[in-house]
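Hi everyone, thanks for coming along. Please have a look at the structure on the screen, and then I'll walk you through it.

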Amino acid sequence: MSRKNTVKNKELSEEVQEKMNESVEEKVEETQHFLRSIFSTKHLSSYLVARNLPFAAFVALLGLLYISNRHLAERTVRAIDQLGREAKELSWDYKSLSAELMKLTTQTEIAKRADTLGLKERMEPPIKLEVVKEEKK
């Protein structure tokens with residue numbers, strides 16, 4: 001089986017092919033050894049867990065931070081929504097009270113309320129009084 005160099009498009013020598021095969025075989029053996037060591041029962045329980053415990057703790061801490069941040073964001077959104085509803089309600093109250101005040105301060109309404117107290121609206125214009133000061137001698 002001859003292989004070609006992809007850069008120069010020439011066939012590789014037997015020595016280079018052997019080196020490549022050896023390196024591939026070594027890597028395959030290392031991978032198999034690694035997988036066997038991971039899935040063996042005595043190493044799985046002690047080595048793998050102890051080696052990855054800081055990472056697992058870090059991931060758990062990130063998960064807790066994510067969950068607490070999500071709860072805080074939801075609570076903030078609910079508070080903003082509640083304040084928006086209260087602002088709308090207060091705006092409606094202000095508008096209705098303002099309209100009622102405008103109605104109550106019209107001349108006819110004031111005249112009606114004054115009539116219940118026995119006061120009458122004046123029909124002639126007011127009289128201007130002038131005070132004459134006498135000079136002292």
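Let me start with a question: is Lys112 buried or exposed? Lys112 is exposed, with a relative accessible area of 53%. In these terms, buried means under 20% relative accessible area, exposed means over 50%, and partly exposed is in between, with a 1.4 Å probe and protein chains only.

A word on where this comes from. This is a predicted model, in which local features need pLDDT of at least 70 and side-chain atom pairs count only at pLDDT 80 or more, while totals for chains, interfaces and linings use all residues. Residues are numbered from 1 along each chain as its sequence is written, and side-chain values use heavy atoms, with hydrogens and water left out.

Now the overall picture. The protein has 3 helices and 0 strands, and from the N terminus the order is α-α-α. Helices here are DSSP runs of H or I with at least four residues, strands are runs of E with at least two, and both are numbered from the N terminus. Of the 137 residues, 2% count as buried. The protein exposes about 13,800 Å², and carbon and sulfur atoms supply 61% of that; these areas come from the Shrake-Rupley method with a 1.4 Å probe, and for residues only the protein chains shown count as cover.

Patches take residues with over 30% relative accessible area and no salt bridge, joining like charges within 9 Å and nonpolar side chains (Val, Leu, Ile, Met, Phe, Trp, Tyr) within 5 Å.

Next comes α2, residues 41–104, which holds Phe58. Phe58 is partly exposed, at 45%. With Phe55, Val59, Leu61, Leu62 and Leu65, Phe58 forms a nonpolar surface patch of about 600 Å² accessible area together. An unreviewed UniProt entry places a "transmembrane region" at residues 49–68; UniProt positions follow the numbering used here, feature names are shortened, and annotations may be inferred rather than shown by experiment. That span is 100% helix and 0% strand, and its end C-alpha atoms lie 27 Å apart.

How many salt bridges are there? The count is 4, where a salt bridge is a side-chain nitrogen of Lys or Arg within 4 Å of a carboxyl oxygen of Asp or Glu. One of them joins Arg70 and Glu74, with the closest N and O atoms 3.4 Å apart. Because these two are 4 residues apart in helix α2, about one helical turn separates Arg70 from Glu74. Glu74 is partly exposed, at 34%.

Finally, α3, residues 107–116, is hardly covered, with 1 buried residue among its 10. Here our opening residue returns: Lys112 meets Glu109 in a salt bridge at 3.7 Å, N to O. Both lie in α3, 3 residues apart, about one turn of the helix, yet Glu109 is buried, at 16%. After α3 comes Gly118, with a positive phi near 90°. Lys120 forms a salt bridge with Asp115, with closest N and O atoms 3.2 Å apart. Lys120 is exposed, at 69%, while Asp115 is partly exposed, at 42%.
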